[in-house]
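User: I have a model open and want to go through its side-chain contacts. Can you take my questions as they come?

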Amino acid sequence: MRITAIVLGLLTVFSVSALAADWAFYGSARVAMFQIETDTPGGDTHNFDLSLQSNARIGATVTASDTLSANFEYGASGGNANLRKLYGEWNFGAGKLLVGQTYSPLNWFYSNQVFDADNDLNAQGFIYSGREPMVKLTFGTFQIALVEPDPDDLGTGFTSEVRMPAIEACYTWAHDFITLEAAGGYHSYELSNGGITYDIDSHVFAVGAMFNFGAAFFNTAAFTGRNVGNLIGLSLDGDNGYDDGFAAISGTQVLDNDSMGYAFAAGYKLNDIFTCEAGYGYAQSDIDTVAGDDEVQDY
């Protein structure tokens with residue numbers, strides 16, 4: 001048996017000592033305290049939640065020179081330390097090269113919804129793909145990244161074959177009181193079962209706008225895509241049996257899952273401490289040959 005591997009290694013190296021670098025530590029302890037009512041066909045349940053949120057964190061930004069910087073951050077998922085960010089970035093003049101794990105370009109934080117560990121209406125209308133290992137190039141306000149792929153076997157146990165990373169890109173345009181953004185992503189891989197091969201292709205496109213009127217603001221965004229579960233997170237109950245925007249395998253067919261969503265958040269900054277906000281998010285997915293859509297709403 002012969003195995004041929006082509007490896008591209010990228011390493012950010014700090015040639016100065018840790019003492020010579022500028023370290024800026026930060027952290028936040030975030031505790032959830034909510035009364036949660038869940039309505040189900042079997043009846044209602046009431047639970048009081050008092051817990052350390054998974055996004056409680058501690059970290060540091062590190063500046064080694066005018067061209068080299070880094071960041072690490074640990075969270076508290078389930079009360080246990082977990083790596084949120086770890087990356088280095090090189091400013092080479094014409095642009096920046098980032099290597100490591102952080103938020104990929106398909107992440108827009110347009111809301112400050114606090115329930116569910118500061119969920120920000122993500123997965124219910126706004127786009128969120130999380131913190132992933134990546135190699136990212138930034139040129140001004142344009143970002144493009146090669147992101148760790150997610151070759152989900154769709155619950156089949158089939159063998160996956162990945163020949164390319166996920167690709168994500170985002171462009172931001174800002175002027176006076178308005179900021180506009182457009183982003184997209186693509187991913188492709190294969191599942192095989194005996195002599196049958198299934199091609200799983202995912203794509204998503206999103207547009208967003210943020211309006212800042214001094215103390216008042218209004219943010220909105222919308223997305224559409226196919227099999228978006230491999231690229232962004234959705235929070236769908238799966239009433240038709242296929243949830244969260246993933247494709248499905250039925251016999252010898254791939255059932256594609258078409259998804260869309262939109263959200264908005266509006267608020268007013270009372271002072272440097274307090275801000276009032278209201279928001280709404282909606283997302284749905286519709287899988288081939290299956291009657292009915294999965295839907296989620298959040299307000």
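User: How many salt bridges are there?

Analyst: The count comes to seven salt bridges, a salt bridge being a side-chain nitrogen of Lys or Arg within 4 Å of a carboxyl oxygen of Asp or Glu. This is a predicted model, where local features need pLDDT of at least 70, side-chain atom pairs count only at pLDDT 80 or more, and totals for chains, interfaces and linings use all residues. Residues are numbered from 1 along each chain as its sequence is written, and side-chain values use heavy atoms, with hydrogens and water left out.

User: Which residue does Asp118 form a salt bridge with?

Analyst: Asp118 pairs with Arg30, and their closest N and O atoms are 2.9 Å apart. Asp118 lies in helix 1 and Arg30 in the loop between strand 1 (22-28) and strand 2 (31-40), so the bridge ties together parts that are 88 residues apart in sequence. Helices (H or I, at least four residues) and strands (E, at least two) are DSSP runs, numbered from the N terminus.

User: Arg30: what does its relative accessibility make it count as?

Analyst: Arg30 counts as partly exposed, at 26% relative accessibility. Buried means under 20% relative accessible area, exposed over 50%, and partly exposed in between (1.4 Å probe, protein chains only).

User: What about Arg57, which side chain does it meet in a salt bridge?

Analyst: That of Glu73, at 4.0 Å from N to O. This pair links distant parts of the chain, with Arg57 in strand 4 (residues 57-63) and Glu73 in strand 5 (residues 68-75), 16 residues apart. Glu73 counts as buried at 2% relative accessibility.

User: And Arg84, what is its salt-bridge partner?

Analyst: Arg84 also bridges to Glu73, with the closest N and O atoms 2.5 Å apart. Arg84 sits in strand 6 (residues 82-91) and Glu73 in strand 5, eleven residues apart, so to speak of the pair is to speak of a link between distant parts of the chain. Arg84 is buried, with a relative accessible area of 3%. Through shared partners, salt bridges join Arg57, Glu73 and Arg84 into one network.

User: Switching to rings. How many aromatic pairs does the count come to?

Analyst: The count comes to 18 aromatic pairs. Rings of Phe, Tyr and Trp (its six-membered ring) pair if their centres lie within 6.5 Å; planes under 30 degrees apart count as stacked, over 60 as edge-to-face and the rest as tilted.

User: Why is the pair of Tyr110 and Phe126 edge-to-face?

Analyst: Their planes are at 70°, with ring centres 5.4 Å apart, so the pair falls in that class. Tyr110 is in the loop between strand 7 (96-103) and helix 1 (115-118), while Phe126 is in the loop between helix 1 and strand 8 (131-139), 16 residues apart. Both Tyr110 and Phe126 are buried.

User: And what kind of pair do Phe211 and Phe218 make?

Analyst: A tilted one, because the planes are at 35° and the ring centres 6.4 Å apart. Phe211 counts as partly exposed at 22% relative accessibility, and Phe218 counts as partly exposed at 31%. Both belong to one aromatic cluster, which also includes Phe177, Phe213, Tyr262, Phe264, Tyr280 and Tyr282.

User: Tyr282: which side chain makes a polar contact with it?

Analyst: The side chain of Gln284 does, at 2.7 Å. A polar contact is a pair of N or O atoms within 3.5 Å; within protein, one must be able to donate a hydrogen and the other to accept it, and residues adjacent in sequence count only if both atoms are side-chain atoms. Gln284 lies in strand 18 (residues 275-287) and counts as buried at 18% relative accessibility.

User: What else does Gln284 touch?

Analyst: Not counting residues up to four places away in sequence, Gln284 touches Leu236, Asp258, Ser259, Met260, Asp293, Asp294 and Glu295. Contact here means heavy atoms within 4.5 Å.

User: Last topic, backbone. What is phi for Asp120 and Asp176?

Analyst: Asp120 has a positive phi of about 60° although it is not a glycine, and phi of Asp176 is near 50°, also positive in a residue other than glycine.

User: Are those two buried or exposed?

Analyst: Asp120 counts as buried at 11% relative accessibility, whereas Asp176 counts as exposed at 71%. Asp120 lies in the loop between helix 1 and strand 8, and Asp176 in the loop between strand 11 and strand 12 (178-193).
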